[in-house]
Amino acid sequence: MKCVKCNKKAIISYPVRFCKEHFIEYYLKKLERTIKKWKMFDKEDKILVAVSGGKDSSSLAYALHLLGYDFEGLYIDLGIPNYSEPCEKKVKELFGIMNKKLNIIRVSDYGVRVERVRNRPKCSVCGTIKRYLMNRFAYENGFTVLATAHTMPDEVSFFFMNLRSGNLQAIAKQKPILEGFGKLVKKVKPLIYFTEKENLVFALANNIPFCHLECPYSKGNPQSRIKIKLYELEKEFRGLFNQTIKFLEKIEIKIPQEEIYECKICGYPTSSKNKICSFCKLREYFAKKYKT
Ligand code: SF4
Ligand code: ZN
Ligand code: ZN
């Protein structure tokens, strides 16, 4: 199997056959095109990149570094046993190589613990914690934009989950950029046109340190299950992921604007009628349940 641009051995066959050198060139060009197309950020922005230590966010950070963007990283230590510690080690290694600043937040400092969640899905609690802390850190430290490593299959599986629960509000927000307002910082998804395979190959081709472990709570969760099925469909009907992303870009859902309040406890925005945001509710829950 040969590269379509030269005669060297290809390291990836889909979407195009490329050797290592031409794949890296293709990956960087596609990333730069995405950033420019959606006006995600430019070199004047103060950029915060959320990193988990996995292949996707590590590839995103390293590619932005190769493209000459100045940014800082944010790692959220979720305190997940046999997972968070090795991931943090890899993130530190990567930021050491790039010589970039890495910020670390420990959820235990806020009294919340993902592994202690019992009566609701751990991933939804974890998602609430991460979204809140990422935004709060970005806002309080003057970042103009927050970049996350959501990939094409992530977005497509979120879409099907939102469809299943009839959550139009969430579908309406599934865009490559979400402009900021008030205390909400602009959010961008530069890997929206990338598959996990492309990120993995990019990480391996550049010898980037990344954590190969899967979060122990990802197994069997609804998003993972939907993703597995979608991969099967994509294999049979090539282009399903791509077309879904394009569809999400084009649709405009007319829904009544949610009323936004200021959380009575932390002062950050919330749509909750009792004016207490989901994160503060979680903190209250943990404080009551684990008094010690
Ligand atoms: Fe959090 Fe779930 Fe992802 Fe694990 S799999 S990091 S619990 S969202
Ligand atoms: Zn080549
Ligand atoms: Zn709050």
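Ring pairs join F18, F23, Y26, Y27, F194 and F202 into a cluster, where rings of Phe, Tyr and Trp (its six-membered ring) pair if their centres lie within 6.5 Å. Across the whole structure, a search finds 16 aromatic pairs. Please keep in mind that this is a predicted model, in which local features need pLDDT of at least 70 and side-chain atom pairs count only at pLDDT 80 or more, while totals for chains, interfaces and linings use all residues. Side-chain values use heavy atoms, without hydrogens and water, residues are numbered from 1 along each chain as its sequence is written, and chains are lettered from A and ligands numbered from 1 in the order in which they are written.

**Aromatic rings**

- The rings of Y132 and F279 are stacked, because their centres are 4.1 Å apart and their planes at 10° (planes under 30 degrees apart count as stacked, over 60 as edge-to-face and the rest as tilted).
- Y132 belongs to helix α4 (residues 122-140) and F279 to helix α10, so this pair ties together parts that are 147 residues apart in sequence (helices are DSSP runs of H or I with at least four residues, strands runs of E with at least two, numbered from the N terminus).
- F279 is buried at 1% relative accessibility, and Y132 is buried at 10% (buried means under 20% relative accessible area, exposed over 50%, partly exposed in between, with a 1.4 Å probe and protein chains only).
- The charged end of R238 sits over the ring of Y14, 3.9 Å from its centre (NZ of Lys or CZ of Arg within 6 Å of the ring centre and within 35 degrees of the ring normal).
- R120 lies over the face of Y285, 4.9 Å from the ring centre.

**Zinc ion (ligand 2)**

- Its protein donors are C3 (SG), C6 (SG), C19 (SG) and H22 (ND1), at 2.1 to 2.4 Å (donors are N, O and S atoms within 2.8 Å of the metal, or 3.2 Å for Na, K and Ca; water is not among the atoms, so sites may look incomplete).
- The four donor atoms subtend angles of 99 to 114°, which makes the arrangement tetrahedral (for four donors, all angles between 85 and 135 degrees).
- C3 lies in the segment before α1 (20-37) and H22 in helix α1, so the pair ties together parts 19 residues apart in sequence.

**Zinc ion (ligand 3)**

- C263 (SG), C266 (SG), C277 (SG) and C280 (SG) are the protein donors, 2.2 to 2.3 Å from the ion.
- The donor residues follow the spacing C-x2-C-x10-C-x2-C.
- C280 is buried, with a relative accessible area of 5%.

Definitions and conventions. Four donors count as tetrahedral if all angles lie between 85 and 135 degrees; four count as square planar and six as octahedral if opposite donors are over 155 degrees apart and all others between 65 and 115; anything else is irregular.
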